[in-house]
Amino acid sequence: KFVSNLQDLILLVQQMQRAVVKAPWSSSGRGVRYLTAQMLQDPGFSRWAERIIEKQGGVTVEPYYNKVKDFGMEFEMLDGKVHYLGLSLFDTVKNAYTGNLLCSEEEKIEIMKKYISEDALLSARQKIIDIVEPALKENYNGPFGVDMMIAAKDGQLELVSCIELNLRRTMGHVALELAKIAKPQSLMRVDFDGNRYHLRVLPGKEAVNES
């Protein structure tokens, strides 16, 4: 749901009990708040929400999912056609992106089979193409990515096929290119030293994080 005032936002979170509130324009998890109904009393949250609503016109309120694994799919829009580029298996810490697994598509599919069938992945990919291609063909030309997750619900795993759409070149695109030259099963890591960000490639299978 997209809401443009604080009263509607509070009502939705109360109905959901646990929700994810997002600024429409943000980067690397900085515009995301995880809320319970009890946390609505925090004046810091109200100030944040009112500031985002004033500057960006509103916020999105989404259900909270019991996340098991983050991943995404990377695409490129060229001359009105969507082209699939590959899977993005990435890690987050406190909602912020920290790095990508660098390996072949076949290896990534095998990792994902622990959570979801290959047919389900192919179906999600085609659905994205079917929806995005007519929506963007007159409006956008370039790379984009769709973040997804595997979530647990009632003792079963389910695919949440669109957490967000990033109309830009993502770190997943960078990982796809680096995977062509990196050693197998490496990890592309982004670290902040208090002054600047550093991109590092850590070699070896021990870099794989499937938690």
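User: Which residue takes a positive phi in the hairpin of β5 and β6?
Analyst: That residue is Asp79, with a phi near 50°. Two residues lie between the strands of this hairpin. The model is a predicted one: local features need pLDDT of at least 70, side-chain atom pairs count only at pLDDT 80 or more, and totals for chains, interfaces and linings use all residues. Residues are numbered from 1 along each chain as its sequence is written, and side-chain values use heavy atoms, with hydrogens and water left out.

User: What makes β5 and β6 a pair?
Analyst: Strands (E, at least two residues) and helices (H or I, at least four) are DSSP runs, numbered from the N terminus. Two strands pair if DSSP finds at least two bridges between them. β5 and β6 are joined by seven bridges, so they pair, and they run antiparallel. Met77 stands opposite Val82 in β6.

User: Why is Ser186 called buried?
Analyst: Buried means under 20% relative accessible area, exposed over 50%, and partly exposed in between (1.4 Å probe, protein chains only). Ser186 has 1%, so the residue is buried. Ser186 is found in strand β11 (residues 186-192).

User: How do you know that the side chain of Ser186 makes a polar contact with Lys183?
Analyst: A polar contact is a pair of N or O atoms within 3.5 Å; within protein, one must be able to donate a hydrogen and the other to accept it, and residues adjacent in sequence count only if both atoms are side-chain atoms. The side chain of Ser186 reaches the backbone oxygen of Lys183 at 2.6 Å.

User: How do you know that the buried residues of α5 line one face?
Analyst: Gly172, His173, Ala175 and Leu176 are buried in α5. Seen down the helix axis, the buried residues fall within an arc of 160°, so they line one face. The arc is that of the directions from the helix axis to the C-beta atoms.

User: What is called the largest nonpolar core?
Analyst: A nonpolar core is a set of buried Ala, Val, Leu, Ile, Met, Phe, Trp, Tyr and Cys residues joined through side-chain atoms within 4.5 Å. The largest has 24 residues, and Phe71, Met112 and Phe144 are among those with the most contacts inside it. Helix α4 gives the most to this core, with six residues.
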